[in-house]
Amino acid sequence: MALPDRGRTRPPVMTDVAQLAGVSHQTVSRVLNDHPNVRPQTRELVLAAITELGYRPNAAARTLVTRRTHTLGVISFDTTLYGPASMLYGIERAAQDSYFVSIASAPTLDRRSVLDAVDRFAGQGVEGVIVIVPQTSAVEALTSCPVDIPLVAMGCRTSPPLQSVAVDNAEGAAVATRYLLGLGHRTVHHLSGPPSWLDAVARVEGWQQALREAGAEEPDLVSGDWSAASGYAVGQQIAQDDSVTAVLCANDPMALGLMRALSERGRRVPEDVSVVGFDDIPEAAYFLPPLTTVRQDFGELGRRALDTLVGLIFDREVAAPPDPVVPQFVVRSSAAPPAA
C-alpha cells in the first residue's frame with residue numbers, strides 16, 4: 001500500500017485517508033457519517049488514518065450529502081452571572097463530540113428578542129434550539145415561538161408541548177434551610193434574588209416549605225440583585241439585629257457581601273450568624289470562612305438538555321420533561337449551631 005506524500009503542503013483530503021487505510025473513499029465517507037454497515041476493524045483503520053493525517057471533514061460537503069448541519073442554536077441571556085454562564089458551558093461541553101454550537105446572546109429575553117434569535121437560527125439551518133431561561137419574561141416569550149423547529153428551555157420547568165430541563169432549586173433551598181434548623185437555629189432568614197428570576201422564586205418556595213414543615217417562624221423576605229454589593233447592603237441591616245442567627249443567601253456572591261458587612265459590624269461567622277450560599281462558585285471554598293453552599297451540576301443539566309433536544313430532532317416521543325437535576329449540599333465552615 002502506497003502512503004500519501006508526507007511532504008505535501010496542502011491539507012489532507014478524503015482520498016488520502018482512504019489510501020492510508022487501504023479502503024475506498026466511499027468507506028471513509030460511511031465512517032464519517034456513522035453508517036452502521038462498516039466492520040469495526042475497518043472503522044478503526046479509517047479513524048487511525050484520520051488521526052495520523054490530521055484530516056478534517058468538509059462540513060459543507062457533509063451537509064449537502066446528509067442534509068444535516070450538525071449545528072444547534074443556543075439563545076442566552078447577556079450576562080456574566082455564574083448560573084447562566086455555567087449553563088452555556090454545560091451545553092457546549094455536552095455537544096462538543098456531536099454538534100457545533102451557535103450562540104445568540106440577547107440583552108433581555110423578551111418576546112421580540114427570542115423570536116428574532118429563533119428566526120436567525122432557522123436561516124442558518126440549525127437542527128434545534130436550546131434557550132437558557134432565567135426569567136419569567138423568557139418563558140412567556142417561548143410560548144410564541146414557531147413549532148416547526150425543535151426547542152428546549154433550560155433552567156425552568158414548563159408544560160408540554162414546550163420541553164424543558166431544570167435544577168431542583170426548591171429542593172436545594174429546602175435542604176439548606178433544614179440543615180440550619182437542624183443545627184438548632186429557631187428560624188432561618190432568606191436573602192433572595194430578584195423576584196422576576198425563576199431560580200429566585202423557586203428558592204424562596206423551598207425555604208418557605210422547609211420552615212413550615214418544621215413549624216418555624218417565617219421572617220420577612222429581603223431581596224438582592226445577585227451582586228455582592230446587594231448582599232453587603234442587606235448585611236448592614238441584619239448586623240443590627242441580634243435575633244438573626246442564620247441566613248440562607250440565594251447565591252454565593254450575595255453571601256460574600258453579607259459576611260463582609262457582618263464582619264465589619266463585629267458579628268462573627270459562624271459563631272454569631274451562620275451563612276449558607278447557593279451555586280458553589282469556584283471561589284466559595286476560599287471565602288473566610290469557607291462557605292457552606294448548594295452546588296448545581298451544570299454539566300448534567302447540559303447533557304439532559306442536549307438529550308432532550310436530540311430526541312425532538314429525531315422525532316422521538318418525549319412524554320414528559322426529565323426529572324430536575326438534584327443539587328448537592330456542600331458543608332464547609334460558615335454554618336454552626338447558634339451561640340448559647
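Everything shown comes from a predicted model.

**Figure 1. The whole chain, before zooming in.** The predicted protein chain has 12 helices and 11 strands. Of its 340 residues, 47% count as buried. Take the contacts between residues at least 6 apart in sequence: 70% of them join residues at least 24 apart.

**Figure 2. Helix 1 meets helix 2.** Two packed helices are described by the angle between their axes and the distance between the axes. Here helix 1 covers residues 14-21 and helix 2 covers residues 25-32, and their axes come within 8 Å and cross at roughly 105°. Angles of 65 to 115 degrees count as roughly perpendicular, and so that's the label for helix 1 and helix 2. On the helix 1 side, look for Met-14, Val-17 and Ala-18; their counterparts in helix 2 are His-25, Val-28, Ser-29 and Leu-32. Sorted by class, this contact has five nonpolar residues, two polar ones and no charged ones.

Figure 3. Strands of a sheet pair through backbone hydrogen bonds, either parallel or antiparallel.

**Figure 4. Strand 8 and its two partners.** Strand 6 (residues 189-192) pairs with strand 8 (residues 246-249) in the parallel sense, over three bridges. To get from strand 8 to strand 9, the chain goes through helix 11 (residues 252-264), making a right-handed β-α-β crossover.

**Figure 5. What covers strand 8.** Both faces of strand 8 are covered. Ala-246 and Leu-248 sit on one side, Val-247 and Cys-249 on the other, and all of them are buried.

**Figure 6. Two cis peptide bonds ending at prolines.** One links Val-269 to Pro-270, with omega near 10°. Pro-270 belongs to the loop between helix 11 and strand 9. The other joins Leu-288 and Pro-289, where omega is about 0°. Pro-289 is in the loop between strand 9 and strand 10 (293-295).

**Figure 7. Positive phi without a glycine.** Trp-226 has a phi of about 80° and is found in the loop between strand 7 and helix 10 (228-238). Asp-279 has a phi of about 120°, and its place is the loop between strand 9 and strand 10. Are these two buried or exposed? Buried means under 20% relative accessible area. Trp-226 comes in at 6% relative accessibility, so Trp-226 counts as buried. Asp-279 has 6% relative accessibility, so Asp-279 counts as buried too.

How values were computed:
Residues are numbered from 1 along each chain as its sequence is written. This is a predicted model: local features need pLDDT of at least 70, side-chain atom pairs count only at pLDDT 80 or more; totals for chains, interfaces and linings use all residues. Side-chain values use heavy atoms; hydrogens and water are left out. Axes are lines fitted to C-alpha atoms, for helices over the stretch in contact, and angles run from 0 to 180 degrees between N-to-C directions. Helices (H or I, at least four residues) and strands (E, at least two) are DSSP runs, numbered from the N terminus. Angles under 35 degrees count as roughly parallel, over 145 as roughly antiparallel, 65 to 115 as roughly perpendicular and the rest as oblique. Contact means heavy atoms within 4.5 Å. Ala, Val, Leu, Ile, Met, Phe, Trp, Tyr, Cys and Pro count as nonpolar, Asp, Glu, Lys and Arg as charged, and the others, Gly among them, as polar. Two strands pair if DSSP finds at least two bridges between them. Buried means under 20% relative accessible area, exposed over 50%, partly exposed in between (1.4 Å probe, protein chains only). A crossover is right-handed if, with the strands pointing away from the viewer, the path from the first strand over the helix to the second runs clockwise.
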